[in-house]
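Good morning, and thank you for making time for this presentation. Please look at the sequence and the structure before we go through them together.

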Amino acid sequence: VDLATSGAVNFALFVVLASSTFLVIVVVALFCGDTVASEASWSSLRYLLALPVDRGRLLRQKFLVSSGLALSGLVILPTSAVLAGGLLFGWEAARTPAGAVIPAGEALFRLAIVTAYLALALLVVAALAFCLSVYTDAPLGAVGGAVMLVILSSILDQVEDLGVVREYLPTHYLGAWIDAINDPIVWGEMARGVLLSLAYSSVLLALAWRKFRRKDIVS
């Protein structure tokens, strides 16, 4: 926070730090949790499926569009922060809390790594919200349920008595992007975070596909 005004990239990193634990999670859950449940609540889902379109294909397209919108929001956030930071605080080299100085060009590359990691780490949030969207006809239930479960995971992650169990919580490595601004970059926790996110997402999306293929959309 003290370094937020020292340059464009530092300001962008501060914005990511301030928003990645809640705001971005809400945005991702909103896009992915609304996509199926909203159409079910409007009763328009039955008309979509009355067309000769396979349910799996329909669900795949909905997830691609919703996750694409969430990804665009995630990219717009640091991009606009860099532009705003450059106008307000200049295009100075990035400074880390440890005192290291990173040239502006390399710092932008590091910021791209941070954004890419967050996109992969938040895939579990997208998959969770999407899965709940298939299981319920209430959009707010899917969005709110996903956000509450992520908050619960974050709270449990602070309980040190859980020991090694914390490493398997879906939000345990959400803040590992900070290692991308170390000198040199530390990849260990980010790699584990990506693998954990992909594992959880695969299970959640499989459950969503299984449920949707058997879902009664007539009622």
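Let me begin with a question: does Cys 131 count as buried or exposed? Cys 131 counts as buried, at 7% relative accessibility, where buried means under 20% relative accessible area, exposed means over 50%, and partly exposed lies in between, with a 1.4 Å probe and protein chains only.

Two remarks on the source are in order. This is a predicted model, in which local features need pLDDT of at least 70 and side-chain atom pairs count only at pLDDT 80 or more, while totals for chains, interfaces and linings use all residues. Residues are numbered from 1 along each chain as its sequence is written, and side-chain values use heavy atoms, with hydrogens and water left out.

I turn to the overall arrangement. The chain has 9 helices and 2 strands; these are DSSP runs numbered from the N terminus, with helices being H or I of at least four residues and strands being E of at least two. Read from the N terminus, the order of elements is α-α-α-α-α-β-β-α-α-α-α. The C-alpha trace spans about 60 × 45 × 25 Å along its principal axes. The chain has 219 residues, of which 44% count as buried. A contact here means heavy atoms within 4.5 Å. Among contacts between residues at least 6 apart in sequence, 74% join residues at least 24 apart.

Next, the interior. A nonpolar core is a set of buried Ala, Val, Leu, Ile, Met, Phe, Trp, Tyr and Cys residues joined through side-chain atoms within 4.5 Å. The largest such core holds 60 residues, and the members that touch the most others are Tyr 117, Leu 122, Val 125, Phe 130 and Phe 212. Elements giving two or more residues to this core include helix 5 (55-89), helix 6 (104-121), helix 7 (123-135) and helix 9 (188-214). Helix 7 provides the largest share, with 9 residues.

Which residues does Phe 130 touch, beyond those up to four places away in sequence? They are Cys 32, Thr 35, Val 36, Leu 59, Lys 62, Phe 63, Ser 66, Leu 205, Ala 208 and Trp 209.

Leu 123 is also found in helix 7. With a relative accessible area of 23%, Leu 123 is partly exposed. Leaving aside neighbours within four places in sequence, Leu 123 is in contact with Phe 63, Ser 197, Leu 198 and Ser 201. Leu 123 and Thr 35 are 88 residues apart along the chain, and their C-alpha atoms are separated by 15 Å.

Now to the cysteines. A disulfide is a covalent bond between the sulfur atoms of two cysteines. Cys 32 itself counts as buried, at 0% relative accessibility.

Ser 153 counts as buried, at 5% relative accessibility. Beyond residues up to four places away in sequence, Ser 153 touches Leu 169, Pro 170 and Thr 171.

Finally, the spaces. On a 1 Å grid over the protein atoms alone, a cavity is a set of points where a 1.4 Å probe fits but cannot get out, and a pocket is an open set with protein on both sides within 12 Å along at least five of seven lines; lining residues have an atom within 4 Å of a point. Grid points are joined across faces, edges and corners, and a volume is the space filled by probe spheres set on the points.

The largest pocket contains about 240 Å³ of space. Its lining has 16 residues, and those nearest its centre are Val 1, Asn 10, Leu 13, Pro 97 and Ile 181. Helix 1 supplies the largest share of that lining, 4 residues.

There is 1 cavity of 30 Å³ or more, and the largest cavity holds about 60 Å³. It is lined by Tyr 117, Ala 121, Pro 170, Tyr 173, Leu 174, Gly 193, Leu 196 and Ser 197. Helix 9 gives the largest share of this lining, 3 residues.
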